[in-house]
Amino acid sequence: MTRVSAPDKELLDQCAPVLAQAEAARGYRPNDVLSLCHWPELLNSLGGLVQWLFAGTSAAETQFRKRCMLLFYTMLFSMG
């Protein structure tokens, strides 16, 4: 598996709010967010989608949204 290089300091500074939010929610810095820090515009545009996915009001709705997110990430990372 190819290792994605770490984003440089400038890119990490641009992504700091999203990284802090992800780390607070998950307890660690997720690799998917770190990878998307290479493209801050994409990371910021996906923020609304991720917030929607985790804002489920019932267990069934939350499960459905998580499955949507899994499908989305699969499509995103299979593109290239």
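Which residues of helix 5 are buried?

Modeller: This is a predicted model, in which local features need pLDDT of at least 70 and side-chain atom pairs count only at pLDDT 80 or more, while totals for chains, interfaces and linings use all residues. Residues are numbered from 1 along each chain as its sequence is written, and side-chain values use heavy atoms, with hydrogens and water left out.

The protein has five helices and zero strands; helices (H or I, at least four residues) and strands (E, at least two) are DSSP runs, numbered from the N terminus. The 20 residues of helix 5 should span 28 Å at 1.5 Å a residue, and its end C-alpha atoms are 29 Å apart, which agrees. That expected span is 1.5 Å times one less than the number of residues.

The buried residues of helix 5 are T62, R65, M69, Y73 and L76. Seen down the helix axis, they fall within an arc of 80°, so they line one face of helix 5; the arc is that of the directions from the axis to the C-beta atoms. Buried means under 20% relative accessible area, exposed over 50%, and partly exposed in between (1.4 Å probe, protein chains only). Their cover includes helix 2 (16-26), helix 3 (31-36) and helix 4 (40-53), where contact means heavy atoms within 4.5 Å.

The face turned away from the buried side carries the exposed residues A60, F64, R67, L70, L71 and S78. F64 counts as exposed because its relative accessible area is 52%.
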